[in-house]
Amino acid sequence: MKYADRLVRYEDLVPCLNAFIDTRTPGSEKKENFTVIGPGVSENPDQHVHIGIPHGFNIGGARQPPGCLNSQHSHLTSEVFLVHSGTWAFRSGARATDGEIILREGDVISLPTNIFRGFENIGEDTGYLFAILGGDDPGRVLWAPDVFGLAEEYGLILLEDGSLVDTTLGQEVPLGKSPMPLTTREQVEQHRVVSSQDMPGIVIRSPDYAWSSDTALSRFVGVQEAPLLGPANEAESIAAGTLDWPHEFVFRALRLDPGAKIPPHRRSEEEVIFVLKGELGMCVDREKLTLGRGDTFTTPIGSERLFWNDSQQPCVVYVTRRGDQPTEPNFL
Ligand SMILES: [Fe+2]
């Protein structure tokens, strides 16, 4: 297939079990991290990056069994999660005690900078989160102070350059390198307090999507589009997202009922498609492919693409594109 290097099937995701400082800490040790479109923020240079093409944002994933925790941390860019499967508690604050919200399939949370966040799979099955981090280089993770001590207790030391030393493998801190300084109280105090009452302000619930049949892409029979993140865009005839502040990328949901089609068009940005439900038929530069649940495909800039749903079930996919005001689709 011509664009095989732009397709990541859910079943082909290559996990890293020791991507981060907390991956030995009981409760966190079973989390799988994925870098789908890189470079990501992994602290392990062996982390597999599926697609290295710069997009202006990073796409990743976290898969965790019930009870598994992702420790409190913060980023230099915005971080967005879409729940693909499972039931998740998202907690704010350096000690995870400021606020909490429970998210389920199809719910979206957008965390601005300067918020400590962590999340736990509180459901009964393994769950997967689709994640977006802003920028080509999202920088390093800032861990909450408690995370460092626990990590060292279980054999991991984070270095200043962002890499990890695994003392259980006999590794030592290399000469000339220093451990990452503990996150200070001042750094913690620069973070915002987000309470449980504030949390709904950064979340979109799946039943609350503002579906529209009037956008440039959804004016075809059986097609609907919902703006989720980012400001209104006249060129695409799309209203502001429910979370309307600029992210430097837009994130939208697209729903195709059985039999629906979106005719051939081109785009001026890379178009990352992630399937939540059903099957999406696509033709890209005359090459056909079908995306299933959890699959990711990044459509090349300028390529000719068309979409359809020839299954008996509705299909819901998510589209991420660079910029706050991407250009309109050019129908052929
Ligand atoms: Fe994160």
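Ala-96 lies in the loop between β7 (88-92) and β8 (99-103). Strands here are DSSP runs of E with at least two residues, and helices are runs of H or I with at least four, numbered from the N terminus. The model is predicted: local features need pLDDT of at least 70, side-chain atom pairs count only at pLDDT 80 or more, and totals for chains, interfaces and linings use all residues. Residues are numbered from 1 along each chain as its sequence is written, and side-chain values use heavy atoms, with hydrogens and water left out.

Phi of Ala-96 is near 65 degrees, a positive value in a residue other than glycine. Ala-96 is partly exposed, at a relative accessible area of 23%. Buried means under 20% relative accessible area, exposed over 50%, and partly exposed in between, with a 1.4 Å probe and protein chains only. Asp-285 also has a positive phi, near 45 degrees, and is not a glycine. The loop between β20 (280-284) and β21 (287-291) holds Asp-285. Its relative accessibility is 21%, so Asp-285 counts as partly exposed.

His-75 is buried, with a relative accessible area of 5%. Glu-79 is buried as well, at 6%.

The largest nonpolar core has 29 residues. Such a core is a set of buried Ala, Val, Leu, Ile, Met, Phe, Trp, Tyr and Cys residues joined through side-chain atoms within 4.5 Å. Tyr-209, Leu-228, Phe-251 and Tyr-318 have the most contacts inside this largest core. Elements giving two or more residues to the core include β6 (79-85), β16 (223-229), β17 (249-256) and β24 (315-322). Contact means heavy atoms within 4.5 Å. Beyond four places in sequence, Tyr-209 is in contact with Leu-82, Gly-106, Val-108, Ile-204, Ala-226, Leu-228, Ala-253 and Tyr-318. A second, separate core of 21 residues includes Ile-262, Phe-307, Cys-315 and Val-319.

The structure holds 14 aromatic pairs. Rings of Phe, Tyr and Trp (its six-membered ring) pair if their centres lie within 6.5 Å; planes under 30 degrees apart count as stacked, over 60 as edge-to-face and the rest as tilted. Phe-81 and Phe-90 form a tilted pair, 5.3 Å centre to centre, with 50 degrees between the planes. Both residues, Phe-81 and Phe-90, are buried. Ring pairs also link Phe-130, Tyr-209, Trp-211, Phe-251, Phe-274 and Tyr-318 into a cluster. The charged end of Arg-219 sits over the ring of Phe-331, 4.9 Å from its centre. This requires NZ of Lys or CZ of Arg within 6 Å of the ring centre and within 35 degrees of the ring normal.

His-55 occupies the loop between β3 (49-51) and β4. His-55 is buried, at a relative accessible area of 0%. Not counting residues up to four places away in sequence, His-55 touches Ile-37, Asp-136, Glu-270, Val-272, Thr-298 and Arg-322.
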